[in-house]
Amino acid sequence: GEHSLNVDVRSFEARYDAPGLAPMVVVTARARLLALPDRSVAAERTFTVQQPAAANRVSAIVEAFDIATRDLNTQIVAWTDANAG
């Protein structure tokens, strides 16, 4: 059947354990697979990816966000394929 994917980003942040250290990038999103046409929830899961930045520099932190976001997207796509069949 037809499904709709709803993704709600809950956190998109760089967390510092100590001042000056490279942060841990944390991206969390809730994915819901909705069955159409009634939009009932067919499946729901929260995904969290943590990616350490290589250094406490903007470029390294941006790169960590990029990696984390790609990883999260890959996980959501695999989960959607497994549950929408």
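Guide: Gladly! Three strands make an open sheet here, in the order β1-β2-β3, and their pairing is antiparallel. At its edges are β1 (3-15) and β3 (40-52), each pairing on one side only. This is a predicted model, in which local features need pLDDT of at least 70 and side-chain atom pairs count only at pLDDT 80 or more, while totals for chains, interfaces and linings use all residues. Residues are numbered from 1 along each chain as its sequence is written, and side-chain values use heavy atoms, leaving out hydrogens and water.

Visitor: How do you know that β1 and β2 pair?

Guide: Two strands pair if DSSP finds at least two bridges between them. β1 and β2 (residues 24-35) have 12 bridges in the antiparallel sense, so they meet that rule. Within this pairing, D8 stands opposite R30 in β2. As for the names, strands (E, at least two residues) and helices (H or I, at least four) are DSSP runs, numbered from the N terminus.

Visitor: What makes β2 and β3 a pair?

Guide: They too pair in the antiparallel sense over 12 bridges, and A31 stands opposite R45 in β3. The two strands form a hairpin with four residues between them, and R39 in the turn has a positive phi of about 60°.

Visitor: Which strands does helix α1 lie across?

Guide: Helix α1 (residues 58-84) lies across β1, β2 and β3, and runs at about 155° to β3. Such angles run from 0 to 180 degrees between N-to-C directions, with axes as lines fitted to C-alpha atoms, for helices over the stretch in contact (heavy atoms within 4.5 Å).

Visitor: How does the reach of α1 compare with what is expected?

Guide: α1 has 27 residues and spans 38 Å from its first C-alpha to its last, close to the expected 39 Å. The expected span is 1.5 Å times one less than the number of residues.

Visitor: Why is E63 called partly exposed?

Guide: E63, in helix α1, has a relative accessible area of 46%. Buried means under 20%, exposed over 50%, and partly exposed in between (1.4 Å probe, protein chains only), so E63 is partly exposed at 46%. Elsewhere in α1, the buried residues include A60, F65, L72 and W79. What covers the buried residues of α1 includes β1, β2 and β3.

Visitor: How many salt bridges does the rule give?

Guide: The count comes to five salt bridges. One of them joins R10 and D8, at 2.6 Å from N to O.

Key: Salt bridge = Lys/Arg side-chain N within 4 Å of Asp/Glu carboxyl O.
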